[in-house]
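Walk through this model with the structure open beside the text.

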Amino acid sequence: AVNGVATFTNLVLNGSGSATLSFSYPATASVTSQSITITPAPASQVVLTTQPTAVESGVRFSPVIVAEVRDANGQCVTTATNAVTVTVASGIGTLNGATTVQAVNGIATFTDLTVAGWGSNQLAFSAVGLSQAVSNAFPVTQVVRNAAVTLQPSGSESGVALAVQPVIELRDSAGLRVVSASQPVTASVASGTAVLSGTVTVSA
C-alpha cells in the first residue's frame with residue numbers, strides 16, 4: 001500500500017460465469033469485491049483431454065477419446081458447440097464410427113470410434129477456424145476374430161481332388177486380413193456323409 005492505498009494493475013481472471021475477489025491484510029479482516037461477470041474469450045483451439053491409447057483393430061477405444069474447445073488462455077469454452085472432426089494424421093489406419101462430433105458445453109466425446117489397420121497411428125482433431133490437436137502416437141494391433149471363405153470349393157468327383165480348392169482368410173474385428181496370422185486352419189465335413197481326406201490342416 002502507498003499512503004494507505006493498494007492499487008492492483010494487472011489482475012486477470014480466466015474462466016467464465018461470475019466471481020468475487022477477496023482482499024486481506026495481516027491482522028485485519030478481509031474485504032470482498034462486488035460480483036464480476038466474466039465474458040468467455042473466443043474459442044481458438046482444440047485440445048485433447050483424453051488421448052487415444054493402444055487399441056485392437058476394429059474395437060472401440062477405451063477409454064473414449066475426449067476433446068475440448070478452448071480459448072487462447074487454455075480455458076474450456078463452455079458455450080462452444082463446434083463440430084470437431086477426427087482424421088488419421090499418420091499411419092495406415094482407417095477410422096470408423098462417428099468421426100464428427102458436436103461439442104456440448106465445449107466438450108466433444110468420441111464414443112464409438114474405431115480404427116481398422118495395424119502399426120503406429122496418430123489422429124488429428126479439428127474444428128473450422130480453430131487450431132487443431134494431434135494425438136500422441138498409439139499402436140493398433142490385429143487379432144484373429146473370424147474367418148472367411150474367399151475361394152469356395154467346387155467340382156468334386158468322389159475320390160478325386162476338388163477342382164477348385166478352398167482358400168480361407170483369417171480376419172480381425174474390422175474384417176481385415178490379419179497379415180501376421182500363422183494359425184493352423186483345419187477343414188472338416190460340416191454337412192453330408194462324405195469323408196474328407198488329403199491335407200486337412202494347413203497353416204495360414
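A salt bridge is a side-chain nitrogen of Lys or Arg within 4 Å of a carboxyl oxygen of Asp or Glu. By this rule there are four salt bridges. One of them joins the side chains of Glu-68 and Arg-70, at 2.9 Å from N to O. Glu-68 is buried because its relative accessibility is 15% (buried is under 20% relative accessible area, exposed over 50%, partly exposed in between, with a 1.4 Å probe and protein chains only).

The model is predicted: local features need pLDDT of at least 70, side-chain atom pairs count only at pLDDT 80 or more, and totals for chains, interfaces and linings use all residues. Residues are numbered from 1 along each chain as its sequence is written, and side-chain values use heavy atoms, with hydrogens and water left out.

Now move to Glu-169. Its side chain meets that of Arg-171 in a salt bridge of 2.8 Å, N to O. Arg-177 also forms a salt bridge with Glu-169, at 3.9 Å, N to O. Through shared partners, Glu-169, Arg-171 and Arg-177 join into one network. How exposed are its members? Glu-169 has 18% relative accessibility, so it counts as buried. Arg-171, at 24%, counts as partly exposed. Arg-177, at 49%, also counts as partly exposed.

Next, the rings. A pair of aromatic rings is described by the distance of the centres and the angle of the planes. Rings of Phe, Tyr and Trp (its six-membered ring) pair if their centres lie within 6.5 Å; planes under 30 degrees apart are stacked, over 60 edge-to-face, and the rest tilted. The structure holds three aromatic pairs. Phe-8 and Phe-23 make a tilted one, with 5.4 Å between centres and 45° between planes. This pair links distant parts of the chain, 15 residues apart: Phe-8 sits in the segment before strand E1 (17-19), Phe-23 in strand E2 (residues 22-23). Strands (E, at least two residues) and helices (H or I, at least four) are DSSP runs, numbered from the N terminus. Phe-8 is exposed, at 52% relative accessibility. Phe-23 is partly exposed, at 28%.

Which class does the pair of Phe-110 and Phe-125 fall into? Their ring centres are 5.4 Å apart and their planes stand at 70°, so the pair is edge-to-face. Phe-110 belongs to strand E11 (residues 107-110) and Phe-125 to strand E13 (residues 119-126), so the pair ties together parts 15 residues apart in sequence. Both Phe-110 and Phe-125 are buried.

Turn to the loop between strand E7 (65-71) and strand E8 (83-90), where Ala-72 lies. Ala-72 is exposed, with a relative accessible area of 66%. Ala-43 is 29 residues away from Ala-72 in sequence, yet 7.2 Å away in space, C-alpha to C-alpha. Setting aside neighbours within four places in sequence, Ala-72 contacts Pro-42, Ser-44 and Gln-45 (contact means heavy atoms within 4.5 Å).

On a 1 Å grid over the protein atoms alone, a pocket is an open set of points where a 1.4 Å probe fits, with protein on both sides within 12 Å along at least five of seven lines; lining residues have an atom within 4 Å of a point. The lining has 31 residues, and Leu-162, Gln-165, Pro-166, Ala-187 and Leu-196 are the closest to the pocket centre. E17 supplies the largest share, three residues.
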